[in-house]
Amino acid sequence: MQEEFYSNGKLLLSGEYAILDGALGLAIPTKYGQSLVVKTSDAPLIRWKSLNPDGNVWFTTDFSINLHEITNCTDADVARTLQKLLREAKRQNPNFLSGDTGFEVESHLGFPRNWGLGSSSTLINNIAQWANVDAYKLLWNAFGGSGYDIACAQHPSPITYQLKNGHPIVKLVNFDPVFKDSLFFVHLNQKQSSKAAIAAYRNRSFNTAKLVEEISAITQKMLHAGSLEAFAGLIEKHEFLLSEILGIGPVKTHLFPDYPGTIKSLGAWGGDFVLVVDTTGFIDYFNKKGFYTIVRFSEMSL
């Protein structure tokens, strides 16, 4: 028997950090995602294989069916993280992995691992589907986080996401701006640790309620921005607010001070993708600075 599961990647356009405290965020599920293929086998093992977009294997391991033992692993840290997820899934659904049947599992990434599009969240959502458990609970009990990435994994169009009393409120939105051909995503050639970024945010002292209110208002206005100029002004305001809270200069100040257009960090500041508002000759500008991964909004967003 064979089963296959799929989850979308994610990008958070507004609300980073503040979304943890209840701010309204705007997010897009991406055309890049991750699939999970599960086949039953006679051997009482879970034989796991993870593949890059080019089909090359980057990780393998074997688990005993009771998840007590790890053997033949190529990366001990990755194996332990995966073991933790599978154990939590089994805790939520005791029928998961309860028999003697073994499994051969292949996880196929549709994007480079350093892109920050949700290699973990897509995996978690796929495991949740396989185990028939709540993906949000699997995320929160195993790692923590806001859960917006799980919402993106599960929905086929842009969303707003908000935590209210610990519960995710997800709404499908029609975010298809007339100026989308002027929006691009540029990768910063490094992946930022979300866990470390969240910890740094939590150590800051500020008026949380005020930040949540201001970021939520910006998100609402971004949804209805009628011009590129209005949209650019909103994301500049978003950058300024978060810069003051985090005590970190905006990415444009650090890396691109001479760029004539607007640039906004996405997700954990300092890595992954940034959102760029196009100006004439911008591709040459970023290429000359060593940034070659540039994706159009229409090529990224579902």
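In this predicted model, the side chain of T262 forms a polar contact with the side chain of E236, at 2.8 Å.

- T262 is located in the loop that runs between helix 8 (251-255) and strand 10 (263-265).
- T262 counts as buried because its relative accessible area is 6%, under the 20% limit.
- Beyond its neighbours within four places in sequence, T262 is in contact with A232, I235, E236, L275, V276 and V277.

**Helix 6**

- Helix 6 comprises 16 residues (208-223), and its first and last C-alpha atoms are 23 Å apart, close to the 22 Å expected at 1.5 Å a residue.
- Its buried residues are L211, V212, I215, S216, I218, T219, M222 and L223.
- Viewed down the axis of helix 6, these buried residues fall within an arc of 160°, and therefore they line one face of the helix.
- An α-helix has 3.6 residues a turn, so residues three or four places apart point the same way.
- The exposed residues A209 and E213 are carried on the face of helix 6 turned away from its buried side.
- The partners against which the buried residues of helix 6 pack are strand 1 (2-14), strand 2 (25-41), strand 7 (159-164), helix 5 (194-202) and helix 7 (228-246).
- At the start of helix 6, the backbone nitrogen of A209 has a side-chain oxygen of N207 within 3.3 Å.

**Helix 1 and L85**

- Helix 1 (residues 76-92) has 17 residues, which should span 24 Å at 1.5 Å a residue; the end C-alpha atoms are 24 Å apart, in agreement.
- The buried residues of helix 1 are A79, L82, Q83, L85, L86, E88 and A89.
- These buried residues are covered by elements including strand 3 (45-51), strand 4 (57-64), strand 5 (70-71), helix 2 (119-131) and helix 3 (135-142).
- At the start of helix 1, a side-chain oxygen of D75 comes within 3.1 Å of the backbone nitrogen of D77.
- L85, which lies in helix 1, is buried with a relative accessible area of 2%.
- With neighbours within four places in sequence left aside, L85 is in contact with L123, I124, I127, L138, A142 and F143.
- L85 and L123 are separated by 38 residues in sequence, and their C-alpha atoms are 9.5 Å apart.

**Nonpolar cores**

- The largest nonpolar core contains 44 residues, and L13, F185, F231 and F273 have the most contacts inside it.
- At least two residues of this core come from each of strand 1, strand 2, strand 9 (183-187), helix 5, helix 6, helix 7, strand 11 (273-277) and helix 10 (297-300).
- Helix 7 contributes the most to this core, with nine residues.
- Apart from its neighbours within four places in sequence, F231 is in contact with F175, F179, L183, M222, A225 and L275.
- A second, separate core has 40 residues, among them V38, F59, I124 and Y136.
- In soluble globular proteins, nonpolar side chains tend to be buried together.

**Cysteines**

- Zero disulfides are found in a search of the whole structure.
- C73 is partly exposed, at 33% relative accessible area, whereas C152 is buried, at 1%.

Key
Residues are numbered from 1 along each chain as its sequence is written. This is a predicted model: local features need pLDDT of at least 70, side-chain atom pairs count only at pLDDT 80 or more; totals for chains, interfaces and linings use all residues. Side-chain values use heavy atoms; hydrogens and water are left out. Helices (H or I, at least four residues) and strands (E, at least two) are DSSP runs, numbered from the N terminus. The expected span of a helix is 1.5 Å times one less than its number of residues. Buried means under 20% relative accessible area, exposed over 50%, partly exposed in between (1.4 Å probe, protein chains only). The arc is that of the directions from the helix axis to the C-beta atoms. Contact means heavy atoms within 4.5 Å. A polar contact is a pair of N or O atoms within 3.5 Å; within protein, one must be able to donate a hydrogen and the other to accept it, and residues adjacent in sequence count only if both atoms are side-chain atoms. A disulfide is a pair of cysteine sulfur atoms within 2.5 Å. A nonpolar core is a set of buried Ala, Val, Leu, Ile, Met, Phe, Trp, Tyr and Cys residues joined through side-chain atoms within 4.5 Å.
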